[in-house]
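How do helices pack, and where do nonpolar residues gather? Look at the structure below with these topics in mind.

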Amino acid sequence: MNQRLTALDLFEQQHERLGLRWLAGQQGQTRVLESVETNARRPSLAGYLNIIYPNKVQILGTEELHWLDGLDSRLRWETIERMIQYRPLALVISKNQPCPEDLRRAAEETQTPLWISPKRGHELLNHLQYHLARALAPRVTLHGVFMEVYSIGVLITGESGSGKSELALELITRGHRLVADDAPEFTQIAPDVLDGTCPDLLQDLLELRGLGVLNIRQMFGDTAVKRNKYLRLIVHLSRPNAEPTLHEDGMVRLTGDLGIRRVLDLDVPMITLPVMPGRNLAVLTEAATRTHILRAKGIDPAAAFLARHSHFLESGEEPVLP
């Protein structure tokens, strides 16, 4: 689903941070910017005044206003008209510079949002580019409990009743932190980064059967919750088949039940843990996280064991088994 942002949304989110004020075109507050443009030549989200390749938010700094002042009256009006024709989400004048009257009049007549800010142009550019890219980034909601375990983001998934929330509560008591329960939201903020956050409605809350809704921040303190975290690993809880498998895959015994799950445009490593009576899932999840961290550093215990085993076979020595 494409993300959408209106001019009013952007103004309300940034007017305090950037000191924005409306100068004209307030009737254009419903203009919409979507995450996927239909134009063949996709414009930049924010940038300095550009007539040839217009930006969706056009920033007018000192140089841009001086350039407009240097044009003759006819060319100046044609330039302003072209600027307006591209239907930018907004025009922003930096450093509280005086707004040209013809620009104000054109914005008002065409219902083009025109704002002014005390910030310098590069401050507006950097902040708006970052904010717009994040607000319009691809986003998805997944079912599970999102945790910070050993400083990395771990999503615990599984069928309803598999024990996800109980596992999360035990991890919290062991010093790990809750990001979101039930419906964490993941945003692809970079080609290889998924940032997970919690919806405002569920902030700090964890629901357990029999206990109801718990406020983790009030129970365990501020250090028990985390506002956001990058997703690095998925731990999937599965119920084993009622009938035991006669010929279990030997490689799974060595490497663990490893796989990947596609989330937006990224393949996220996933490990499956069978849920059985007597298993300490919190310890297993911690071990799975530590193993993932080692693999990310190029250390693979299973591969090391296979290499050791191959060495014994090639040398003709008889391996000593415990």
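## Helices α1 and α5

Helix α1 (residues 7-18) and helix α5 (residues 121-135) have axes that come within 12 Å and cross at roughly 145°. Axes are lines fitted to C-alpha atoms over the stretch in contact, and angles run from 0 to 180 degrees between N-to-C directions. Helices (H or I, at least four residues) and strands (E, at least two) are DSSP runs, numbered from the N terminus. The crossing of α1 and α5 is right-handed: the near helix is turned clockwise from the far one by less than a right angle.

Contact means heavy atoms within 4.5 Å. From α1, Leu 10, Gln 13, Gln 14, Arg 17 and Leu 18 take part. From α5 come Leu 124, His 127, Leu 128, His 131 and Leu 132. By class, this contact has 5 nonpolar, 4 polar and 1 charged residues. Ala, Val, Leu, Ile, Met, Phe, Trp, Tyr, Cys and Pro count as nonpolar; Asp, Glu, Lys and Arg as charged; the others, Gly among them, as polar.

## About the model

The model is predicted: local features need pLDDT of at least 70, side-chain atom pairs count only at pLDDT 80 or more, and totals for chains, interfaces and linings use all residues. Residues are numbered from 1 along each chain as its sequence is written, and side-chain values use heavy atoms, with hydrogens and water left out.

## Helices α3 and α4

Helix α3 packs against helix α4 (residues 101-109) at an angle of about 35°, with the axes 11 Å apart. This crossing is right-handed. Arg 76, Trp 77, Ile 80, Met 83 and Ile 84 of α3 meet Asp 102, Leu 103 and Ala 106 of α4. The contact has 6 nonpolar, no polar and 2 charged residues.

## The two sides of α2

Which residues of helix α2 (residues 62-69) are buried? They are Thr 62, Glu 64, Leu 65 and Leu 68. Because they cover an arc of only 165° around the axis, they lie on the same side of α2. The arc is that of the directions from the helix axis to the C-beta atoms. Glu 63 and His 66, on the other side, are exposed. Buried means under 20% relative accessible area, exposed over 50% (1.4 Å probe, protein chains only).

## The largest nonpolar core

A nonpolar core is a set of buried Ala, Val, Leu, Ile, Met, Phe, Trp, Tyr and Cys residues joined through side-chain atoms within 4.5 Å. The largest has 26 residues, of which Met 147, Leu 206 and Ile 216 touch the most other members. Helix α6 gives the most to this core, with 5 residues.
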